[in-house]
Amino acid sequence: MIEIKNIAKTFGDRQVLAGIDGTFKPGDTSLIIGGSGTGKSVLLKCMIGLVKPDSGEVLYDGRNFLTVDLESQKAIRREMGVLFQGSALFDSKTVLENVRFPLDMLTEQSESEKLDRAQECLQRVGLENAGDRMPSEISGGMKKRVGIARAIVLNPKYLFCDEPNSGLDPLTSIKIDQLISEITDEYKITTVVITHDMNSMMEIGEKIMFLYKGNKLWEGDSNTLTQSSVPELNEFIFANKLLREMEK
Amino acid sequence: MSRLGHYFIFLGSLFRNREKMRVYLGLILNECTSIGVGSIFIVALVNTFIGAVTCVQTAYNLTNPFVPKNIIALIVRDSTILELAPTLSCIVLAGKVGSNIAGELGTMRITEQIDALEVMGINSSSYLVLPKVIASVLMFPLLVMMAGFLSILGGYIAGVLAGVISPEDYVSGLRFDYKPFGVTFALIKTVVFAFLVSTISAYQGYNVSGGALEVGAASTSAVTNSCIAIVAADFILTQILLT
Ligand SMILES: Nc1ncnc2c1ncn2[C@@H]1O[C@H](COP(=O)(O)OP(=O)(O)OP(=O)(O)O)[C@@H](O)[C@H]1O
Ligand SMILES: [Mg+2]
């Protein structure tokens, strides 16, 4: 379980996060939704320790990530997998080497164990034949999938995905969503996904948190999403014409 | 001034909580190939011609018939070893290796590859930068030794072909009043320059924020700052070691 308490962050004189609370449970795919520039990525970066929040706590199963010593922090980091908004594959390494990388750096497994595990993860995301290609030679959707394979290779307890399906066609998006949701269920991972994809919210939103200008305005799930009385949320989800008409 | 402070903090981060040594070995070898082998051609070309030009120009300026011809070779030798081979090669390398390091790290920064390393709990600065620094400190001196040899050879070929000095005079000039400390001095300078070029360029690239435009700007300032650091260090080291 991940708990965040009163996370606030200001860049210069611009307040990006104004004190966010939340809990994320194992086995749940929790979504963070909100318009562009509302601070979703910054919140995620605060949670994984890439940005230091001005105040607040991040607890990983009770361990305070921001105040523990360096060794414990490293240990927590080894329990998390992250898919970045731009995939962040190492472009000097092949697809297979990318997926193997965490195993090479952080485990003492034998060559064949590492190879098997990396192949298994590639298979999981449907890319068992792309192992020898370079990241520059594969499509955006494939990069995202390689990113997921790399994020899950160490069997993380916590999985973070920043817009896993932005810029992908609807069918590929749904496949990626389902993949994330399946893995989460299967291994009881605590998964946090940032998205502004309406399909994802309806498909995999077991728990949804709506951010607006650095504040959490609403919390619920895919069933209650369309019935809220928060005007900002309604404006956000009924942005397209079809849905607006359905609301009426 | 605060930039200088950040630079020293960055240097410190290279050595604190490193990864296992065996991780670095392969990386250092890779970097040696790309930095060392990749730079042979340009360093060789520049230095051969610099040696040739130094020889012919010195001959042109030495019109006094009482000055023995072998002085030309002596001047080529000393200017090559003391200044041209180490300093000029390192300035060439600042352009080639420095911009490469800054560009690579800058791109990794803006595409979140550095963040990806950090969240795995890997010390990204030491993982990415230390191999480059070590490879530079190992390879620059080798390149400079080659540069010195080729520069003197270039002087020989040009001098003999242009008919300004005979092969015997050139060789006797090379041997005249030779001080081995010159070579030591050149290598000390080179090691210092290698450290400066690689760390300054890495610092510029590692701390990029923004996009492609900023990566380009970081490459440029990597080269400019490295060159400034080289000439400043050159002056200081010459003061300390030769006087
Ligand atoms: N390192 C930084 N320095 C200064 N400002 C920043 C920094 N990172 C983010 N911001 C600002 O914080 C705000 C929120 O950014 P964030 O990346 O969290 O948006 P987002 O909700 O993820 O948007 P998107 O959906 O477009 O990815 C933006 O206005 C951005 O300019
Ligand atoms: Mg974002």
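Reply: A helix here is a DSSP run of H or I of at least four residues and a strand a run of E of at least two, numbered from the N terminus. This is a predicted model, with local features needing pLDDT of at least 70 and side-chain atom pairs 80 or more, while totals for chains, interfaces and linings use all residues. Residues count from 1 along each chain, chains are lettered from A and ligands numbered from 1 as written, and side-chain values use heavy atoms, without hydrogens or water.

Let's take α6 of chain A, residues 170-187. Its 18 residues reach 26 Å from first C-alpha to last, close to the 26 Å expected at 1.5 Å a residue (1.5 Å times one less than the residue count). Going in, a side-chain oxygen of A:D169 comes to within 3.1 Å of the backbone nitrogen of A:L171. Coming out, A:K188 follows α6(A) with a positive phi, near 50°.

In between, the buried residues (under 20% relative accessible area, 1.4 Å probe, protein chains only) are A:S173, A:I176, A:D177, A:L179, A:I180, A:S181, A:I183 and A:T184. Their cover in chain A includes the helices α4 (111-124), α5 (140-152) and α7 (198-204). Strands β3 (29-33), β7 (158-162) and β8 (190-194) are also among what covers them.

As for ligand 1, oxygen atoms of the ligand sit 2.5 Å from a side-chain N or O atom of A:S36, 2.8 Å from a polar side-chain atom of A:K40 and 3.1 Å from one of A:Q85. Taken alone, the ligand exposes 630 Å², and the protein buries 62% of that. In its shell, α1(A) has the largest share, three residues.

Methods: Buried means under 20% relative accessible area, exposed over 50%, partly exposed in between (1.4 Å probe, protein chains only). Contact means heavy atoms within 4.5 Å. A polar contact is a pair of N or O atoms within 3.5 Å; within protein, one must be able to donate a hydrogen and the other to accept it, and residues adjacent in sequence count only if both atoms are side-chain atoms. Accessible areas come from the Shrake-Rupley method with a 1.4 Å probe; for residues, only the protein chains shown count as cover.
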